[in-house]
Amino acid sequence: CVAVALMAASLACAQDADLEEGKKLYEKECMVCHGFNNSGKTGENRWPRYRLARAQAAHVGATLVDAGETDVHLAVAPPFGPNLGGVYGRPAGTAEGFQYSAPFLKSLKGMVWDEGSLDVWLTSTQRWIPGVTMYYSQKNPDARRKIIQFLKANP
């Protein structure tokens, strides 16, 4: 009985740690384009001012305010992608108010985002749908799993 309780507690702690790591990965790799508001509605993102490496800021084409030798602050957040609040379990291409690219809609219309589809998508958006406007590739399966866990936990 005690061994089972200890195993369950250990598993819960590991899941909590993975969820926290997933949140940190989301904030580092996804938030710049998708925001961090769980309303699930595009355009309601509350874009924070946060630090990015110069290379990352240049990659997203953000309007910047110089903050020193190695970092910059976003002055205007780039509204590149739809809000991801509630993405898990949602049909692809249905975030309210977001205009999806034609290749995205042609390839994914009717598909529902779940662990498997999100894993393939995050592995390489361009490999799955060449020409889609999202450029992301996460080669680490553990990082993808943690990001997906975070998205699943934030309806």
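**Aromatic pairs in a predicted model**

A: In this predicted model, F98, Y100, F104, W113, W121 and W128 form one aromatic cluster.

Q: How many aromatic pairs are there by the ring-centre rule?
A: The count comes to eight aromatic pairs.

Q: What about Y26 and F150, how are their planes set?
A: Their planes are at 40° and the ring centres are 5.3 Å apart, so the pair is tilted.

Q: Where in the chain do Y26 and F150 sit?
A: Y26 is in helix α1, residues 2-29, and F150 is in helix α7, residues 141-152.

Q: Is Y26 buried or exposed?
A: Y26 is buried, at 4% relative accessible area. The cut-off for buried is under 20%.

Q: And F150, buried or exposed?
A: Buried too: F150 has a relative accessible area of 6%.

Q: Which helices hold F104 and W121?
A: F104 belongs to helix α4, residues 102-108, while W121 belongs to helix α5, residues 115-123. The two residues are 17 apart, and this pair also links distant parts of the chain.

Q: What is the relative accessibility of F104?
A: F104 has 6%, and that counts as buried.

Q: And W121, buried or exposed?
A: W121 is buried, with a relative accessible area of 7%.

Key: Residues numbered from 1 in each chain as written. Predicted model: local features only at pLDDT ≥ 70, side-chain atom pairs only at ≥ 80, totals over all residues. Heavy atoms only, no water. Phe/Tyr/Trp six-rings, centres within 6.5 Å; stacked < 30°, edge-to-face > 60°. Helix = DSSP H or I, 4+ residues; strand = E, 2+ residues; numbered from the N terminus. Buried < 20%, exposed > 50% of the residue type's maximum accessible area, 1.4 Å probe, protein only.
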